[in-house]
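Reader: I am new to this structure. Please take me closely through one part of it, and then through what surrounds that part.

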Amino acid sequence: MTDAHQIPRPRTGIWLIGARGSVATTALTGAAALAAGLHPPTGMVTEAAPFGPCSLPPLDSFVFGGHDTVSCPLPKRAEILAEAGVLPHGLPSALHAELAKADTAIRPGAAAGDPRGEEELIDTYAADLTAFTREHDLARTVVINVASTEPHPPHDAPLPPSSRYAAAALRAGCPYVNFTPSTGLHHPRLAEAARTARVPFAGRDGKTGQTLLRSVLAPMFAQRSLAVRAWSGSNLLGGGDGAALADPAAAAAKNAGKERVLADNLGHLPEGEVHIDDVPAMGEWKTAWDHIAFDGFLGSRMVLQTIWQGCDSALAAPLVLDLARLLARADEAGLTGPVDGLGFYFKDPDSGPGDLPGQWRALLGLAQRLTPGGERAATGAARGGDGPEAAAAVVGEGRETVTTLGGDGSAAPPDQGGPATARTGEAR
């Protein structure tokens, strides 16, 4: 409060799955730097003019926490990223207090071999979320998965880690974002829980580089009636993401979203594959190359090649902050279920068009629905039929029991919920 008569602004929790990874550390450090006025909000879409009337939570109202299995403290992790050129030199030192404070709110995930059962771990994670929201007197907590990519699980396998964290978010009454290609809420056993969720959610797989460009170029070929014969690509990357994607099953999960963008925009999937190579010497940096073979008038053969070089963490972090603000506002406005209009951010969105211009228009439509006074016209039912006012309840006032997971993974009455299992790999 800056004035004795001023009502303090409600604070918003941001809970990061994979909280000590590169994306999470960059997002957290960036939010602190922007709140302190140390850097401009480059790359943050929600800082653009169309989102000014939306009443999004300000960056200085964020309180960070999360889950991870690694123990490297956030201040040290930020220093490592600064040495790699991801963060500006000197910024981790300037924000040491903020990073150290956030580090104290990170809770351990379940490492490989953890003896706890699935339900026990889900309950543990949900309890961590509820305690965090209560302890910091938060209006709400948005859960965002930024952990390493996991392979898609077999149908008869237990819930994978990402799905356990997603189930915990629903159980705790928290809005949820899956910024990874991992299964999350898309697991069949969570279908009913997602359908009846009384919170908004969005996903999956953040669109930061190569696929962003594909969502612009593929519609161009379709609109100009140019026949794409083949579309091949290659990714060279290091860091935790490169190590995780060295697993062919994890790489296949990652490539599914890249292929969907082409199929949705071209009407078919052309020949060609995307190869992902782990090059540890590249550290946090990535090079993505595409080779597009297409036919022109009278069958003339032509080729377009693109090269995208950048730091994936720096590309992803502002989008993570955008999504945190948008989901928090959607929750406040009473939206539930998959939020229409967020395909702009994802390779594999829950709904909407596949082309970037169309996705931008849909996002602007969401901004209008989130503007105070427009939320009653928004898609998605208001909680309990009470409109935005009902959305003001905090997790600490009972929302943690809104959705529980029965023994078979289906939604169960609040008093039948049990606990759960999971592990978070080294965050992306």
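Author: The second largest pocket has 17 lining residues, and those nearest its centre are Thr-26, Gly-30, Pro-40, Thr-42 and Ala-314. A pocket here is an open set of points on a 1 Å grid over the protein atoms alone, with protein on both sides within 12 Å along at least five of seven lines; the probe is 1.4 Å, and a lining residue has an atom within 4 Å of a point. The space in this pocket comes to about 340 Å³. Volume is the space filled by probe spheres set on the points, which are joined across faces, edges and corners.

This is a predicted model: local features need pLDDT of at least 70, side-chain atom pairs count only at pLDDT 80 or more, and totals for chains, interfaces and linings use all residues. Residues are numbered from 1 along each chain as its sequence is written, and side-chain values use heavy atoms, leaving out hydrogens and water. The predictor's confidence in each residue is its pLDDT, from 0 to 100. The mean pLDDT of the protein is 86, with 85% of residues at 70 or more. Over residues 377–428 pLDDT stays under 50.

Back to the pocket. Its lining takes at least two residues from each of α1 and α11. Helices are DSSP runs of H or I with at least four residues, strands are runs of E with at least two, and both are numbered from the N terminus. By class, the pocket lining has 13 nonpolar residues, four polar and no charged. Nonpolar means Ala, Val, Leu, Ile, Met, Phe, Trp, Tyr, Cys and Pro; charged means Asp, Glu, Lys and Arg; the others, Gly among them, are polar.

Now the largest cavity. A cavity is a set of points where the 1.4 Å probe fits but cannot get out. The structure has four cavities of 30 Å³ or more. The largest has a volume of about 130 Å³. It is lined by 14 residues, and Gly-238, Asp-241, Glu-284, Asp-312 and Ser-313 are the closest to its centre. Two or more lining residues come from each of α1 (22–35), α9 (239–244), β9 (285–295) and α11 (312–332). The largest share, three residues, is from α9. This lining holds three nonpolar, six polar and five charged residues.

Follow α1 to its packing with α2. Their axes lie 10 Å apart, at an angle of about 95°. So α1 is roughly perpendicular to α2, a label for angles of 65 to 115 degrees; under 35 is roughly parallel, over 145 roughly antiparallel, and the rest oblique. Axes are lines fitted to C-alpha atoms over the stretch in contact, and angles run from 0 to 180 degrees between N-to-C directions. From α1, Ser-22, Thr-25, Thr-26, Leu-28 and Thr-29 meet Leu-74, Arg-77, Ala-78 and Leu-81 of α2. Contact means heavy atoms within 4.5 Å. Four of these residues are nonpolar, four polar and one charged. Thr-26 is in this contact, and Thr-26 is also among the residues nearest the pocket centre.

Next, α2 (residues 74–83) and α4 (residues 96–103). Their axes come within 8 Å and cross at roughly 125°. That makes α2 oblique to α4. Leu-74, Pro-75 and Ala-78 of α2 touch His-96, Leu-99, Ala-100, Ala-102 and Asp-103 of α4. This contact has six nonpolar residues, one polar and one charged. Leu-74 and Ala-78 take part here, and Leu-74 and Ala-78 also meet α1.
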